[in-house]
Amino acid sequence: MNKKLFALAIVSAASAASAQSSLTLYGLVDASVESVKAVDTVTRVSSDNLASSRFGLKGTEDLGGGLKAVFSTWKLP
């Protein structure tokens, strides 16, 4: 009986301690369509006209017991 009660307590604690997490991908894409007139007219898609394209990741992880881990990072070209 004691072994069954102990096993039930372990399963209950493991299921109660499952972590909640969230991850967000965010950023800025700098792209434009331009028409260049020289000898011939060329229409093209270009970037870096106003700003550099970049992206970042941010998230949280619930560690349990009222504790939470928070992170944020940027990736520049």
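These legends accompany several close-up views of a predicted model.

Residue numbers start from 1 along each chain as its sequence is written. Because the model is predicted, local features need pLDDT of at least 70 and side-chain atom pairs count only at pLDDT 80 or more, while totals for chains, interfaces and linings use all residues, and side-chain values use heavy atoms, leaving out hydrogens and water.

**View 1. The chain has one helix and five strands.** Starting at the N terminus, the elements run α-β-β-β-β-β. Helices (H or I, at least four residues) and strands (E, at least two) are DSSP runs, numbered from the N terminus. Of the 77 residues, 5% are buried, where buried means under 20% relative accessible area, exposed over 50%, and partly exposed in between (1.4 Å probe, protein chains only).

View 2. The chain averages 75, and 71% of the residues score at least 70.

**View 3. Strands β2 and β3 form a hairpin.** Three residues lie between the two strands, which run antiparallel and are joined by seven bridges. Two strands count as paired if DSSP finds at least two bridges between them.

**View 4. Arginine 44 and glutamate 34 form a salt bridge.** The term covers a side-chain nitrogen of Lys or Arg within 4 Å of a carboxyl oxygen of Asp or Glu. In this pair the closest N and O atoms are 2.9 Å apart. Arginine 44 lies in strand β3 (residues 41-47) and glutamate 34 in strand β2 (residues 31-37), so the contact ties together parts that are 10 residues apart in sequence. Both partners are worth a look: arginine 44 is partly exposed, at 43% relative accessible area, and glutamate 34 is also partly exposed, at 22%. A search of the whole structure finds one salt bridge.

**View 5. Three strands make an open sheet in the order β1-β4-β5.** Pairing in this sheet is antiparallel. At the edges are β1 (21-28) and β5 (67-75), each of which pairs on one side only. Nine bridges link β4 and β5, and glycine 64 has leucine 67 in β5 as its bridge partner.

How values were computed. pLDDT is the predictor's confidence in each residue, from 0 to 100.
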